[in-house]
Amino acid sequence: MSDPELLAKIAERPELFRYFEWPCDFDVTRLDPVEPGLSLRSGATLVPVAGCGAGGSYFLADGTAVLYASSEGECALIADSLRAALELMAGVPFWKEYLHLSARGRTRPVAEVLAELDEELAGLPEFAASGGQSAARALGLGRPDRVALLTGLRDAMARTSPGHLLINADGEPYDEF
């Protein structure tokens, strides 16, 4: 399935839309960028594909990679493709918690961090694995190991700068998560 087909399927199927909107915080109906005039330092194309409840945006960068920009002026490359980003969200819907770890926290073993986040969020039904499994099946996504998914996020984040760093209309760079 192509990227436009994946996004259309999420928009058209209420159960998929609800899952990706929350808990994944990926709303395919919100296409207004977090702020006007954004560009990539590399000069590559930047196309908004979704928004989040706090006003942030998701972009396809250079036609393939997925970049997340918060309304607080932070950004991170989260995956090398939309399919990989959706697999991350389906497998680890609370993936944004990883963005907010300190740099030191992100050097800890990913399995350890995942176990702590699982324990912290265990009582919240929106983070139950069944929702992500259903979403992945409906979109024909793979079900990579959750540790591999967060490791992929960590590795993508490390490649944000210089090529995927967002620049605002005033020429100022976003901060990296």
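I take helix axes as lines fitted to C-alpha atoms over the stretch in contact, with angles running from 0 to 180 degrees between N-to-C directions. The model I am reading is predicted.

**Entry 1: α2 and α6**

I looked up the pair formed by helix α2, residues 14–21, and helix α6, residues 129–139. Their axes come within 10 Å and cross at roughly 125°. Angles from 65 to 115 degrees count as roughly perpendicular and those over 145 as roughly antiparallel, and α2 and α6 are therefore oblique to each other. I noted the crossing of α2 and α6 as left-handed. On the α2 side I listed Leu16, Tyr19 and Phe20; they meet Gly131, Gly132, Ala135, Ala138 and Leu139 of α6. Sorted by class, the residues of this contact are six nonpolar, two polar and no charged.

**Entry 2: α1 and α2**

Next I turned to the other partner I had for α2. Helix α1, residues 3–12, packs with α2 at about 100°, the axes being 5 Å apart. That angle makes α1 roughly perpendicular to α2. From α1 I wrote down Lys9, Ile10 and Glu12, and from α2 Pro14, Leu16, Phe17 and Phe20. I sorted the α1 and α2 contact into five nonpolar, no polar and two charged residues.

How many of the ten residues of helix α3 are buried? I found eight, so α3, residues 82–91, is mostly covered, with buried meaning under 20% relative accessible area. The buried residues are Leu82, Ala85, Leu86, Glu87, Leu88, Met89, Ala90 and Gly91.

I then checked α3 against α7. The two pack at about 130°, with their axes 10 Å apart, and are therefore oblique to each other. The crossing of α3 and α7 is left-handed. Glu87, Leu88 and Gly91 of α3 make the contact with Arg146, Leu149, Leu150 and Leu153 of α7. The residues of this contact comprise four nonpolar, one polar and two charged. Glu87, Leu88 and Gly91 are also on my list of buried residues in α3.

**Entry 3: Asp145**

Asp145 is in the loop between α6 and α7, the latter spanning 146–158. Is Asp145 exposed, partly exposed or buried? I have it as partly exposed, because its relative accessibility is 48%. A polar atom of the Asp145 side chain lies 3.0 Å from the backbone nitrogen of Val147. I also looked up Val92: it is 53 residues from Asp145 in sequence, and their C-alpha atoms are 9.8 Å apart.

**Entry 4: Ser70 and Phe177**

I located Ser70 in the loop between β4 (65–69) and β5 (74–79). Its relative accessible area is 5%, so Ser70 is buried. Which residues does Ser70 contact, leaving aside neighbours within four places in sequence? I listed Val34, Gly56, Tyr174 and Phe177.

I followed the last of these. Phe177 lies in the segment after β7, residues 175–176. With 14% relative accessibility, Phe177 counts as buried. Not counting residues up to four places away in sequence, Phe177 touches Tyr68, Ser70, Glu74, Cys75, Ala76, Leu99, His100, Arg106 and Met157. For Leu141, which is 36 residues from Phe177 along the chain, I noted a C-alpha separation of 27 Å.

How values were computed:
Residues are numbered from 1 along each chain as its sequence is written. This is a predicted model: local features need pLDDT of at least 70, side-chain atom pairs count only at pLDDT 80 or more; totals for chains, interfaces and linings use all residues. Side-chain values use heavy atoms; hydrogens and water are left out. Helices (H or I, at least four residues) and strands (E, at least two) are DSSP runs, numbered from the N terminus. Angles under 35 degrees count as roughly parallel, over 145 as roughly antiparallel, 65 to 115 as roughly perpendicular and the rest as oblique. A crossing is left-handed if the near helix is turned anticlockwise from the far one by less than a right angle, and right-handed if clockwise. Contact means heavy atoms within 4.5 Å. Ala, Val, Leu, Ile, Met, Phe, Trp, Tyr, Cys and Pro count as nonpolar, Asp, Glu, Lys and Arg as charged, and the others, Gly among them, as polar. Buried means under 20% relative accessible area, exposed over 50%, partly exposed in between (1.4 Å probe, protein chains only). A polar contact is a pair of N or O atoms within 3.5 Å; within protein, one must be able to donate a hydrogen and the other to accept it, and residues adjacent in sequence count only if both atoms are side-chain atoms.
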